[in-house]
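Thanks for making time this morning. I would like to walk you through one model, so please have the sequence and the structure open side by side.

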Amino acid sequence: MAISRPERGIHMVNPVVHAILERRSIRSYQNQQISPEQLKTLMDVAVASPSARNTQPWHFSFVQNKALLSEISLAVAQALDNPGFDVFYQAPTVVFLSRSTTENQAYGAIDCGIAVENLAIAAHGMGLGSVILGLPRAAFTSPRAEEFRKALRFPEGYDFTIAIAIGYAAASKEAHPVDAGKVDLIC
């Protein structure tokens, strides 16, 4: 059963709840780079993310180099046999989260997921659009994988976990329906 999002209530007065409920995955961006202040804020938000036992298992590579993003996107398109596909949707900034593949990081992937969501909510709160991406993983299993790891300055022994494209939205979309059957209250 699909339910609609509330029109009134706490999310109207709480900016964090409002940002969570109003955020959309954006797949079309304006040809305008985010400001240095926005970039700095996103970097601060990234490293402020919580992690299990404060292990901070991640490394954040903030990329605004169009040529590098195009090369990574091309590798993804080739791996998917989808010529012309732009996995980053022309976003001017993409953040790649990598984590250790050698250390015992039982919660590393979860911690990176939390961090990428922090980035998505913060971006929305600053008037930016974003989309969280798993498909770039294909570039890190391609013949150019090591070249990309080096270009993104992944630390030794780290590999791609997840990415997020960020920029000014060129289009939006309606909220997806929410399924009330996905939530149970147990008292």
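Before I start on details, one term: when I say that two residues touch, I mean that they have heavy atoms within 4.5 Å. Please also keep in mind throughout that this is a predicted model.

Let me begin with the sheet. It is an open sheet of 4 strands, in the order β2-β3-β5-β4, and the pairing is antiparallel. The edge strands are β2, residues 58-63, and β4, each of which pairs on one side only. From one strand to the next, the twist averages 20°. Helix α3, which covers residues 36-47, packs on this sheet and touches β2 and β5, and its direction makes about 165° with that of β2.

Turning to the individual pairings, strand β3, residues 93-100, runs antiparallel to β5 and is joined to it over 8 bridges; if you want a landmark there, R99 stands opposite D159 in β5. As for how covered β4 is, 4 of its 5 residues are buried.

If we now follow the chain onward, we come to the loop between β4 (129-133) and α6 (145-151), and this is where P136 is placed. Is P136 buried or exposed? P136 has a relative accessible area of 0%, and because buried means under 20%, P136 counts as buried. To give a sense of the distances along the chain, A75 and P136 are 61 residues apart, yet their C-alpha atoms are separated by 8.6 Å.

The largest pocket has a volume of about 230 Å³. It is lined by 14 residues, of which K66, S70, D86, Q90 and A91 are the closest to its centre. Sorted by class, the lining of this largest pocket consists of 6 nonpolar, 6 polar and 2 charged residues.

I am happy to take questions.

Conventions
Residues numbered from 1 in each chain as written. Predicted model: local features only at pLDDT ≥ 70, side-chain atom pairs only at ≥ 80, totals over all residues. Heavy atoms only, no water. 1 Å grid on protein atoms, 1.4 Å probe; cavity = no way out; pocket = protein on both sides within 12 Å on 5 of 7 lines; lining within 4 Å. Points joined across faces, edges and corners; volume = space filled by probe spheres on them. Nonpolar A, V, L, I, M, F, W, Y, C, P; charged D, E, K, R; others polar. Helix = DSSP H or I, 4+ residues; strand = E, 2+ residues; numbered from the N terminus. Buried < 20%, exposed > 50% of the residue type's maximum accessible area, 1.4 Å probe, protein only. Pairing = 2+ DSSP bridges. Axes fitted to C-alpha atoms, helices over the stretch in contact; angles between N-to-C directions.
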